[in-house]
Amino acid sequence: MIRQKARDRVVLVGHSMGGSVAAYWAGTRSDRLASLVLIEGLGPPDMDGADGPSRTAMWIEAWRTGRAKQKVMPTLDDVVRRMKRHDELLDDASAQGLVAGGVVAGGAEVGTTAVDGGFAWKLDPLHNTIGPYPYRLETAKKYWARVACPVLCIDGARSKLNLGDHERAARRAVFANATHLVLDAGHAVQRHRPAEVAAAILEHARR
């Protein structure tokens, strides 16, 4: 997509697992980047000692059954309630806006599974499966060290899905030029503080 659609210089933004993906690409193609923004995106805990074969077996099984587990919610109110149950900082207006763009009505195709009787998420259920290989911090660091552009790391002060302060600081230090911003938000910072996140990205890109 970048090769086909982007200009010569790219501002790349990634959230959570998307941050890990963005940072890998940034380390691979650092010549294309004007700036990189990682929103709660410095990776999960190191899994170097994890059982790789067992994890790969779980991934294969999850791919076999993932789309069959697609949840159908009878009404949009049910969808909003479900979203807020998993994100206690999300207000009603934001939840309703996300729901309006994030579900499809019954009878449409979601992934490869037809949905009847209500509403279902547009995302492919396979996104919820684990990756086939454990996360290895030392491998990630090799990519981070090659990122030449300025990096902005945005964290949510109330996140329950982030690493400790010391570990995050150590990971930011691997980048040649990283700055840090903390906003009063949970893990989904862009949902809870959209205007502040947008302003921070634009300011960072201008610099």
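The questions that follow ask what stands behind each description.

This is a predicted model, in which local features need pLDDT of at least 70 and side-chain atom pairs count only at pLDDT 80 or more, while totals for chains, interfaces and linings use all residues. Residues are numbered from 1 along each chain as its sequence is written, and side-chain values use heavy atoms, with hydrogens and water left out.

Q: How many helices and strands does the protein chain have, and what makes a run count as one?
A: The protein chain has nine helices and eight strands, where a helix is a DSSP run of H or I with at least four residues and a strand is a run of E with at least two, numbered from the N terminus.

Q: What does the radius of gyration of the protein chain agree with?
A: The rule for a globule is 2.2 Å times the number of residues to the power 0.38, and the radius is taken over C-alpha atoms. For 207 residues a compact globule would have a value near 17 Å, and the protein chain, at 19 Å, agrees with this.

Q: Why is V79 called buried?
A: Buried means under 20% relative accessible area, as against over 50% for exposed and in between for partly exposed, with a 1.4 Å probe and protein chains only. V79 has 0% relative accessibility and therefore counts as buried; this residue is found in helix α4 (residues 76–85).

Q: Which residues is V79 in contact with, leaving aside its neighbours within four places in sequence?
A: Contact means heavy atoms within 4.5 Å, and on that basis V79 is in contact with M73, V99, V103, F119 and W121.

Q: Why does L137 count as buried?
A: L137, in helix α6 (residues 137–144), counts as buried because its relative accessibility is 8%. Not counting residues up to four places away in sequence, L137 touches D46, W144, E167 and R171. The C-alpha atoms of L137 and D48 are separated by 7.4 Å, although these residues are 89 apart along the chain.
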